Structures are given as C-alpha cells and as structure tokens.
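Here is a friendly walk through one protein model. Have a look at the fold first, and then we can go through its sheets, its ligand shell and a few backbone details together.

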Amino acid sequence: EKAPYSTFARDARSAPLVSYYDYIIVGGGTSGCPLAATLSQRAAVLLLERGDLPYSHLTINNIATFAATLADTSPTSPSQAFISTDGVINSRARVLGGGSALNAGFYSRASGAYVGKVGWDPRLVNASYDWVERKVVFRPPMLEWQTAVRDGLVEVGVLPYNGFTYEHVYGTKVGGTIFDQDGRRHTAADLLEYADPRGVTVLLNATVHQIFFKTQGQPRPRAHGVEFRDQQGIIHRAYLNMGPMNEVILTAGALGSPQMLMLSGIGPRAHLMAHGIEVLVDQPMVGQGMSDNPMNAIMIPSPRPVEVSLIQVVGITRFDSYIEAASGSQFSYVGSHRLAANFEMLANQGRGDGEARNGETGNLGIALGKEVCYSQSQPLKNHCIPFLFGQDASGIVYYTGLNNTVLPSEINPLLNPTSQAGVILEKIMGPLSTGHLELLTRDPYDNPRVTFNYFKDPRDLQKCVQGMRTIIQVIESRSFSRFRYRTLPVQTLISMMLTLPMNTRPRHISAAFSLEQFCIDTVMTIWHYHGGCQVGRVVDHDYKVLGVDALRVIDGSTFNGSPGTNPQATVMMLGRYMGQRILHERFPNGMK
Ligand SMILES: Cc1cc2nc3c(=O)[nH]c(=O)nc-3n(C[C@H](O)[C@H](O)[C@H](O)COP(=O)(O)OP(=O)(O)OC[C@H]3O[C@@H](n4cnc5c(N)ncnc54)[C@H](O)[C@@H]3O)c2cc1C
C-alpha cells in the first residue's frame with residue numbers, strides 16, 4: 001500500500017487540455033480500478049471515470065442505505081437508472097468503484113470449471129483473487145434471519161453445507177462481503193490503495209466521448225488516444241506515449257464499453273451510419289450477446305425483528321438456480337425506495353393519476369382503487385402498473401394481489417416502513433437467453449437501448465420455476481418458521497408479490513397460480529448483466545479488440561456467462577489478472 005487513492009484522484013477540470021500516458025483506462029469501475037493500480041507499478045497510467053469519489057455519496061457507505069443509492073435518479077447520482085425494453089428497471093454505475101459502489105456486496109469466486117473453460121491461468125487467477133480479498137472482502141456477521149435462511153436451505157436439501165467459503169461449490173454456503181463488520185462498504189476504488197501514486201492519475205467527472213485511431217501508415221487502425229470532457233463541457237485530449245506496448249483499455253462496463261466502441265466507429269455498419277458515425281470497423285458483434293440473469297423473489301413479512309442484511313448466504317443448486325436472501329428495511333428487490341414512496345403517496349391519497357379500474361372488490365369487500373400510473377416520475381415515466389389498492393371506512397390502506405387477496409397495510413412492508421420483512425430470491429445461471437444493445441444517441445452520457453429477452457430460452461424459465469419451488473420450501477421449513485406469519489400462506493405471499501411495482505410488465509391472473517407465469521411477470525434484475533464485447537466475438541482471448549491495434553476491453557462486457565454465483569469477485573480479479581499479464585508482456589524478461 002502506497003497512499004490513499006484520494007491523494008492522486010482529482011476532478012477533471014484541473015486536468016491539462018492535452019496529456020500523454022502509457023495506458024489510458026476508460027472507466028474507473030470494478031475492473032478498471034484494480035487494473036490501473038496494477039499497471040501503475042511499472043507504467044504511466046491515466047484512469048478516466050465519469051463519476052465522482054464513492055465516499056462523497058453518503059448512502060453508498062452504509063449497508064442500510066443500499067436502496068437509497070439506487071433510488072437517487074438525479075443527474076449526478078452514482079446510479080444511472082435505465083429500463084430495458086423488457087420492462088425491467090435497472091441501474092448502472094456512475095462513480096469511482098463502479099458497480100462495487102452500488103452493489104449488494106456478496107463476494108463469491110468463479111468455479112474451477114468456469115476458469116478452465118475461459119482458459120485463464122488458475123495460479124494467477126488464485127493469486128489475483130487473494131490480492132483483492134486482502135483489501136476489500138470480509139466475513140459477514142450471519143445474524144438470526146440469515147441463519148434461518150441458511151438452515152432452511154440445508155433442511156430442504158441444498159446440500160452439503162460448506163460453511164464459510166469464497167469457493168463456488170454445490171450446496172449451501174456463507175460467502176464473503178465487501179461490507180465490513182460495521183456495515184461500511186469497501187469498493188474496488190479501495191484497490192487503488194495498491195497503486196504507485198507516481199504512476200497513476202485518476203480523473204473524476206471525466207466522460208470519455210471517443211477513442212482516436214491512427215489509420216495512416218498502419219496495417220490496421222491503431223488506438224492512440226481519447227477525447228474526454230469535464231463537468232463544464234471543456235474538451236480534453238489524452239494520447240498514448242510513443243511505444244509499441246502502449247494501449248487504450250476500455251473498462252466502462254457492459255453498457256459503457258460496447259457503447260464506447262460504437263461511438264468510436266467500431267460496430268454494425270448500418271447502425272453506426274444511421275447515427276451519422278463514421279465506420280472504422282464494421283463489427284456486427286459489438287452490442288450482441290447482452291444477458292441479464294433474471295431475479296425472482298418472494299418477500300416475507302416477519303412477526304419478529306430482522307437484522308438489516310444484504311446477501312450473505314447462497315444455495316448453489318444442481319439445477320443451476322442460486323438462492324440468496326436479504327432482510328431489513330432496504331428491500332433491494334423493489335429496486336427503489338422511491339417507487340415505494342410513490343406508491344405510498346398515491347395509496348394515502350386514495351387515488352392514482354391513471355385510469356380508474358371499474359368497481360373491483362377484494363375478498364374483504366373493500367372497494368379497490370385504481371392502477372398506479374407514473375406520469376411524472378423517472379424512470380417509470382408514462383408506465384402504468386396494475387397495482388390495486390383501497391381504503392376501508394376507517395381509512396386503513398389495503399392492497400390486493402390479482403386474485404384479490406387483501407392484506408392490511410401493517411403487514412405490507414412497503415406501506416409500513418416500520419414493519420419487518422426479508423426477501424428470498426433466486427437467480428438463474430447463465431442465462432441462455434440473450435439480447436442486444438443499440439445506441440439511442442451519440443451522447444455517451446445517455447443510456448443505450450438494451451434488450452435482454454428474459455426467459456426467451458425455455459430452459460431459463462424451468463430453472464426459475466425450480467428455484468421458486470426451493471424458495472417456497474425454505475419459507476415453509478421448520479428452520480424459517482419463526483420469521484413468517486402463520487396466517488400468511490405462501491399463496492398470499494405470491495399474490496402480494498404480484499402487486500408490487502417491481503417492473504413495468506403486464507401481470508396475468510394466472511401468475512398467482514402458475515410459477516412459469518409468475519417468473520415471467522415478476523422478473524427483476526439482479527444487476528449481473530454482461531456481454532456486448534464478448535470474448536471470441538469482439539475481443540480475442542487476450543481481450544484485444546478484433547480488427548484494431550492497441551485497444552482492449554477488460555470488464556463484464558467480455559463475459560459469455562456470468563461467473564460464480566455473483567460476478568464482482570471475478571470482475572475485480574480480472575482487472576488484477578490482466579494487469580499482471582499486460583505487465584509481463586511489456587517486460588518479458590522480468591519486472592525488475
Ligand atoms: C445494484 C447492484 C447490485 C449488485 N449486487 C452484486 C452482488 O451482491 N455481488 C456481486 O458479485 N455483484 C453484484 N452486482 C454486479 C457487479 O457489481 C457488477 O457486475 C460489476 O460491478 C460490473 O463491473 P464492470 O467493471 O464490468 O463495470 P462497472 O463497475 O459498472 O464499471 C464501469 C465504469 O465505467 C464508467 N464509465 C462508463 N462509461 C464511461 C465513459 N464514457 N467515460 C468515463 N467513464 C465511464 C462508469 O461510470 C463505471 O464506473 C451488483 C450490481 C448492482 C448495480
């Protein structure tokens with residue numbers, strides 16, 4: 001450790017208009033930070049991040065305010081909301097540390113089989129994981145609610161129980177977390193503490209608009225610099241020093257990296273031309289193979305207090321569904337406290353701003369109100385959600401599932417923030433369903449349009465159904481019984497889920513009875529989206545962009561499948577791993 005990274009990270013407004021480096025890294029995220037720290041040991045590195053320092057945002061720091069960060073949709077939010085064309089509300093990072101500054105903290109390595117399939121060197125992989133773990137990974141506290149989920153998983157046969165381990169092994173385990181014992185978040189930005197401060201410059205609020213290429217006198221286009229803009233819109237240019245080993249490296253994430261390639265002229269010809277972008281390399285695979293592991297969940301109101309916890313336990317099943325859980329006030333799966341607040345406001349007013357539903361009546365004979373439409377609020381603008389609610393004569397708010405099961409608000413954690421609940425969720429491995437990404441505008445600050453095609457492959461749907469069945473068994477297990485109301489059967493919990501504004505997709509009556517339809521209607525993201533610059537399609541096995549020189553992509557956009565149960569361990573590892581490999585290429589005779 002050489003120095004705290006805040007000593008060499010500064011706002012881009014103070015940067016020179018023109019500067020020169022050996023490596024220019026675009027995106028100070030989960031892989032960009034460890035990569036920059038590693039390369040700085042032997043080269044001059046510029047790391048450009050469009051967001052700010054993570055710890056200047058108070059909500060990032062604290063485990064209890066996980067959802068509040070995602071709910072911040074202001075233009076300077078560290079979390080940039082987007083909705084895929086599938087109608088699933090999602091977030092991408094805009095902050096140093098990237099997704100590791102927003103995420104639920106769970107840390108779990110990729111399997112040996114994954115490492116073998118990708119073709120990584122297992123020794124260097126393990127050393128790189130160790131390097132990450134020494135700085136930012138902790139053992140979670142495992143209090144009562146998480147323990148009940150763990151015991152429930154074991155009771156229903158997700159075996160063996162493997163105790164606390166970072167390894168990816170079948171059965172139930174407790175994994176690592178980037179939240180320390182005080183619930184304080186550590187991020188990939190902390191890995192910059194490994195950097196040599198003389199070798200690295202980190203510029204914040206620096207949005208890269210374009211990569212420059214030399215074409216004259218080159219066998220093929222060669223990256224030689226980037227244009228970035230500071231917060232005031234001032235244009236700066238950074239170029240590579242002379243030298244055959246110097247490179248621009250994209251670490252802008254699964255949305256940012258394919259977007260940046262396209263903005264720089266590498267992508268499908270017709271699409272680039274439609275946006276008036278000069279085509280450098282016609283590369284139809286850029287933006288293809290986008291995948292997001294679907295997440296489905298059941299929320300369980302608890303009669304007893306529960307701890308505030310994010311993911312600590314995982315059940316790794318043999319049918320490729322991973323069961324995880326979170327508890328306490330943050331309710332991550334809704335995606336946003338703001339949605340809950342919107343709903344609460346509308347419910348208390350007893351009206352939505354959408355069309356009224358005609359005189360439907362719940363099973364308690366309460367006249368139910370309207371569906372909730374979001375005409376003002378981002379990111380749900382112009383979306384209606386079939387979310388019915390009503391009030392009885394005493395003014396108590398009720399809400400209803402599609403089969404008209406009415407629950408009083410005191411056991412609805414969304415309406416009653418003081419009540420206690422947890423959520424058990426499942427994510428499917430892979431997934432096999434894929435989609436694509438397209439530019440909407442030429443402004444790198446705007447989100448591209450993304451389609452994930454959740455459950456298009458029926459095998460993904462079957463994994464979801466099996467995962468949901470396991471969740472139901474855990475809820476009904478003896479081990480978990482203290483944390484659920486006996487008066488709320490699972491069927492009611494399922495109905496309750498169908499009322500929550502977790503996505504903008506239509507809900508079907510049959511979803512209350514068919515787990516297939518439930519999976520489709522209530523799909524959410526676990527934010528593990530990846531692809532767009534996949535190995536073998538856009539980059540080679542050394543992560544070099546096909547068809548050009550001096551340009552690599554090293555981040556989640558290169559994955560053909562999400563690694564481990566959750567990807568961040570492997571994304572951070574990959575930054576370190578590739579940093580080491582690039583330095584070995586640069587100094588083949590040794591680092592000294
Ligand atoms: C809410 C949430 C919860 C999650 N929970 C977990 C979890 O519990 N466990 C787990 O393992 N994983 C989790 N993940 C997933 C994990 O965090 C991501 O897969 C991982 O962080 C992706 O890393 P990356 O390096 O590919 O991209 P990122 O970390 O997103 O890095 C990309 C960086 O590039 C910057 N950038 C983009 N475009 C530009 C540009 N034009 N100019 C300059 N900078 C740019 C962005 O601001 C960002 O900082 C979660 C993710 C989210 C969002």
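Which residue in β9 is the bridge partner of Tyr161? The partner is Thr172.

## About the model

This is a predicted model, in which local features need pLDDT of at least 70, side-chain atom pairs count only at pLDDT 80 or more, and totals for chains, interfaces and linings use all residues. Residues are numbered from 1 along each chain as its sequence is written.

## The mixed sheet and its helices

Let us stay with β9 for a moment. Strand β9 (residues 171-174) runs parallel to β8, and two bridges join them. Strands count as paired if DSSP finds at least two bridges between them.

These strands belong to an open sheet of seven, in the order β8-β9-β20-β21-β27-β19-β30, with mixed pairing. At its edges are β8 (161-164) and β30 (524-525), each of which pairs on one side only.

Helix α6 (residues 144-155) lies across β8, β9, β20 (313-316), β21 (321-327) and β27 (420-428), and runs at about 15 degrees to β20. Helix α10 (residues 458-475) also packs on the sheet, where it touches β19 (294-302), β20, β21 and β27, and its direction makes about 150 degrees with that of β27. For these angles, axes are lines fitted to C-alpha atoms, for helices over the stretch in contact, and the angles run from 0 to 180 degrees between N-to-C directions. Contact means that the C-beta atoms of two residues, placed from the backbone, lie within 7 Å.

## The parallel sheet

Another open sheet has six strands in the order β1-β11-β4-β3-β15-β31, and its pairing is parallel. Because β1 (9-11) and β31 stand at the edges with a single partner strand each, one side of each is left without a neighbour in the sheet. On average, neighbouring strands of this sheet are turned by 20 degrees against each other, direction ignored.

Within the sheet, β4 (residues 45-48) pairs with β11 over four bridges in the parallel sense. Here Leu47 stands opposite Val202 of β11.

## The ligand shell and the listed binding site

Around the ligand there are 44 residues, of which Gly27, Gly29, Gly98, Gly99 and Gly253 come nearest. A residue counts as near if its C-beta atom, placed from the backbone, lies within 6 Å of the molecule. The shell has 18 nonpolar, 21 polar and five charged residues. In this scheme Ala, Val, Leu, Ile, Met, Phe, Trp, Tyr, Cys and Pro are nonpolar, Asp, Glu, Lys and Arg are charged, and the others, Gly among them, are polar. At least two shell residues come from each of β6 (89-93), β12 (207-214), α7 (253-263) and α13, and α7 gives the largest share, four residues.

An unreviewed UniProt entry lists Thr30, Ser31, Val95, Val208, Trp527, His528, Gly556, Pro567 and Gln568 under "binding site". They are spread over 539 residues of sequence and also in space, with up to 25.1 Å between C-alpha atoms. UniProt positions follow the numbering used here, feature names are shortened, and annotations may be inferred rather than shown by experiment.

Two of these positions deserve a visit. Gly556 sits in the loop between β31 (551-553) and α13 (568-586), and counts as buried because it has 30 C-beta neighbours inside 10 Å. Buried means 20 or more other C-beta atoms within 10 Å of the residue's own, with C-beta atoms placed from the backbone. Leaving aside neighbours within four places in sequence, Gly556 is in contact with Gly253, Ala254, His530, Pro567 and Val571. Gln568 is in helix α13 and is buried too, with 29 C-beta neighbours inside 10 Å. Not counting residues up to four places away in sequence, Gln568 touches Thr30, Gly99, Ser100, Asn103 and Tyr107.

## Backbone details

One joins Leu159 and Pro160, with omega about 0 degrees, and Pro160 lies in the loop between α6 and β8. Another joins Gly430 and Pro431, with omega about -10 degrees; Pro431 is in the loop between β27 and β28 (435-438).

Asn205 has phi near 50 degrees and is located in the loop between β11 (200-204) and β12. Phe455 has phi of about 65 degrees, and its place is the loop between β29 (449-451) and α10. Asn205 is buried, with 22 C-beta neighbours inside 10 Å, and Phe455 is buried with 22 other C-beta atoms within 10 Å.

Conventions. A residue is buried if 20 or more other C-beta atoms lie within 10 Å of its own, exposed if 12 or fewer, and partly exposed in between; C-beta atoms are placed from the backbone.
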